[in-house]
Amino acid sequence: MRASRLVSLLCLLQVREVMTGPELARELEVSERTVARDVLALAAAGVPVYAERGRAGGYRLLGGYRAKLNGLHQAEAEALFLAGVPGPASDMGLGEAVVAARLKASAALAPPFRDAPQRVGQRFHLDAPRWFREAETPAVLPELSRAVWRDRKIVARYRRGDEEVRRELEPYGLVLKAGVWYLAARSGPRFLTYRVDRFREVEVGDDEFARDETFDLPAFWEEKADEFSRSLLTERVGIRISPAGLRKLHATTDGAAAREAEAAAGEPDARGWVTTTFPVESLDVAYDQILSLGPEAEVLTPPDLRTRLAEAATRFAALYEFG
């Protein structure tokens, strides 16, 4: 523990050039007395660190000194690629590794570029969860993360509907989608996806599995997400829709549904309106989606949905009637 702290102290001085005792204590989460002892230990080991008194004083390294102690450990190097998503990295139990990796990477940079992490952090940020929902971290996520990193087989109890099932899995990868974690795993010859919050228990084994090096996590996820999205679209609705309504359709429906509606559109009339069909999850969902398009779309089929929307239009007219 102390050796790691000494390396962090040395990296901080290489990055910041000069730091006061209180600043180092805050960064390292220790007391100022501990900082002073650590500085003495570095000096005794031959590191040219010294203290300057005065208003602009602090601890610094003798001009130009650089120690070759900033090589990344495996966990830190892996965590570095998650540095842009610190929340999810912490959820997986990699928060400390991300901090250490950032510090070592900063220390390795030439002085003119040492503010790069701060510049990036001030300009780009990933907020993965959707609006209006509380994102909860599944209790088993850190265990699953360790199994994924180490290619370890797991035995898990998984909630499927109203029952729990036991599964022996080879965990290949984790995906964070709109604040929800999913596991991509091999079960026998097949690759499947599981919602992490539905795991009731995960036991990480000692045995490593032989990873299929041809497995492509982003491609696998894109394929499964598209299959899942299309599996929900079980109804078809016929509509006439304006150019503005067709553009708005992309914001009110699933992307695959909007693309299918565009592909199925006939020739535009004199006003630019087209007749097309688009897939929906249900007629209740279609009712809400078409209602949000207002006067930019007219339902043609099925008749029951057309009747419901006509009744809604009548009620709207009564609400806004003057006189």
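Let's start with a pair of strands: strand 2 and strand 3 (residues 58-61) run antiparallel and are joined by four bridges. Helices (H or I, at least four residues) and strands (E, at least two) are DSSP runs numbered from the N terminus, and two strands pair if DSSP finds at least two bridges between them. Within this pair, Val49 has Leu61 of strand 3 as its bridge partner.

Before going on, keep in mind that this is a predicted model, in which local features need pLDDT of at least 70 and side-chain atom pairs count only at pLDDT 80 or more, while totals for chains, interfaces and linings use all residues. Residues are numbered from 1 along each chain as its sequence is written, and side-chain values use heavy atoms, with hydrogens and water left out.

Now back to those strands. They belong to an open sheet of three strands, with the order 1-3-2 and antiparallel pairing. Its edge strands are strand 1 (18-19) and strand 2 (49-52), and each of these pairs on one side only.

Next, the helices of this part of the chain. Helix 1 (residues 2-16) and helix 3 pack with their axes 10 Å apart, at an angle of about 85 degrees. That makes helix 1 roughly perpendicular to helix 3. Angles of 65 to 115 degrees get that label, while those under 35 count as roughly parallel, those over 145 as roughly antiparallel and the rest as oblique. The axes are lines fitted to C-alpha atoms, for helices over the stretch in contact, and angles run from 0 to 180 degrees between N-to-C directions. Where do the two helices touch? Arg2, Arg5, Leu6 and Leu9 in helix 1 meet Thr34, Val35, Arg37, Asp38, Val39, Ala41 and Leu42 in helix 3, where contact means heavy atoms within 4.5 Å. By class, this contact of helix 1 with helix 3 has six nonpolar, one polar and four charged residues. Here Ala, Val, Leu, Ile, Met, Phe, Trp, Tyr, Cys and Pro count as nonpolar, Asp, Glu, Lys and Arg as charged, and the others, Gly among them, as polar.

Take a second look at Asp38, which sits in helix 3. Is Asp38 buried or exposed? At 0% relative accessibility, Asp38 counts as buried; that word means under 20% relative accessible area, with exposed over 50% and partly exposed in between (1.4 Å probe, protein chains only). Leaving out residues up to four places away in sequence, Asp38 touches Arg2, Arg5, Leu6 and Leu9.

Glu29, in the loop between helix 2 (21-28) and helix 3 (32-44), has a positive phi of about 60 degrees although it is not a glycine. Asp151, in the loop between helix 8 (141-150) and strand 4 (152-160), also isn't a glycine, and its phi is positive too, near 55 degrees. Glu29 counts as exposed at 73% relative accessibility, whereas Asp151 counts as buried at 19%.

Strand 4 and strand 5 (residues 163-177) run antiparallel and share seven bridges, with Tyr158 opposite Val165 in strand 5.

Finally, find helix 11 (residues 255-264), where Ala256, Ala257, Ala258 and Ala261 are buried. Their cover includes helix 9 (217-232), helix 10 and strand 10.
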